Amino acid sequence: MNSAKQASHAEHVSAEVVVELESCATQDAHAVFSALRTSFSSDRAADDVPEEMAGPGATVWTTTFDVSELKATAEPRRLTAPVVVSLQGGYWAVDQLCKGLESAFAVHVLGMAAGDQEKEVELRLESR
């Protein structure tokens with residue numbers, strides 16, 4: 001591929017990944033999102049802390065991260081229990097976000113669904 005084609009291709013590759021956490025402790029959701037905000041830009045402010053919602057059903061926290069630029073490597077974070085995380089985005093973007101998680105947590109792939117342009121990955125995160 002020549003450089004003009006590479007530049008054109010890079011413009012069409014989405015760098016956004018939707019991250020979803022469900023049925024975990026509020027402090028664990030905060031640990032995961034703060035680790036990711038250390039590494040990547042987010043659609044949420046740095047002081048936006050997950051809060052438990054009252055009512056029936058599980059609380060789901062969702063945020064979108066732009067992985068086009070690695071800002072810094074996150075330090076290991078403590079979790080009170082393993083956390084299941086769902087990632088959805090383009091192949092390259094999801095892979096970059098997974099690498100970012102590996103600096104802060106022990107990461108185990110639980111499953112993956114692949115599409116034409118995107119993939120969804122389910123991970124279990126544990127304290128290192």
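A residue is called buried here when its relative accessible area is under 20%, exposed when over 50%, and partly exposed in between (1.4 Å probe, protein chains only). Helices (H or I, at least four residues) and strands (E, at least two) are DSSP runs, numbered from the N terminus. The structure is a predicted model, so to speak a calculated one: local features need pLDDT of at least 70, side-chain atom pairs count only at pLDDT 80 or more, and totals for chains, interfaces and linings use all residues. Residues are numbered from 1 along each chain as its sequence is written, and side-chain values use heavy atoms, with hydrogens and water left out.

The buried set is made up of Asp28, Ala29, Ala31, Val32, Phe33, Ser34, Ala35, Leu36, Arg37 and Ser39. What sits over them includes β1, β2 (41–42), β3, β4, α3 and β6, with contact taken as heavy atoms within 4.5 Å. The length of α2 works out as well: its end C-alpha atoms are 20 Å apart, in agreement with the 20 Å that 14 residues should span at 1.5 Å a residue. That expected span is 1.5 Å times one less than the number of residues.

Next comes the sheet. Six strands make up an open sheet, in the order β2-β3-β1-β4-β6-β5, and the pairing is antiparallel. The edges belong to β2 and β5, each with a single partner strand, so one side of each is left without a neighbour in the sheet. Two strands count as paired if DSSP finds at least two bridges between them. In general, strands of a sheet pair through backbone hydrogen bonds, either parallel or antiparallel.

With β3, β1 pairs in the antiparallel sense over seven bridges; Val17 has Phe65 of β3 as its bridge partner, and Glu20 has Thr62 of β3. With β4, β1 again pairs in the antiparallel sense, this time over five bridges, and here Val17 stands opposite Gly89. In the loop between β1 and α2 sits Ser23, which has a positive phi of about 55° although it is not a glycine. Ser23 is exposed, at 60% relative accessible area.

Thr63, in strand β3, is a buried residue with a relative accessible area of 2%. Leaving aside residues up to four places away in sequence, Thr63 touches Val17, Val18, Val19, Phe33, Ser42, Asp43 and Arg44.

α2 lies across β1, β2, β3, β4 and β6 and runs at about 5° to β3. α3 lies across β1, β3, β4, β5 and β6 and runs at about 150° to β4. For these angles, axes are lines fitted to C-alpha atoms, for helices over the stretch in contact, and angles run from 0 to 180 degrees between N-to-C directions.

As for α3 itself, its twelve residues reach 17 Å from the first C-alpha to the last, close to the 16 Å expected at 1.5 Å a residue. Ala93, Val94, Leu97, Cys98, Gly100 and Leu101 are buried in α3. These residues cover an arc of only 160° around the axis, which puts them on the same side of α3; the arc is that of the directions from the helix axis to the C-beta atoms. The buried residues of α3 pack against β1 (16–22), α2 (26–39), β3 (60–66), β4 (83–90), β5 (106–114) and β6.

Finally, the charged pairs. There are two salt bridges in the structure, a salt bridge being a side-chain nitrogen of Lys or Arg within 4 Å of a carboxyl oxygen of Asp or Glu. One joins the side chains of Asp95 and Lys119 at 2.7 Å, N to O. Asp95 lies in helix α3 (residues 91–102) and Lys119 in strand β6 (residues 118–126), so the pair ties together parts that are 24 residues apart in sequence. Asp95 is partly exposed at 34% relative accessibility, whereas Lys119 is buried at 10%. The other salt bridge brings together the side chains of Arg124 and Glu126 at 2.9 Å, N to O. Arg124 is partly exposed at 28%, and Glu126 is partly exposed at 25%.
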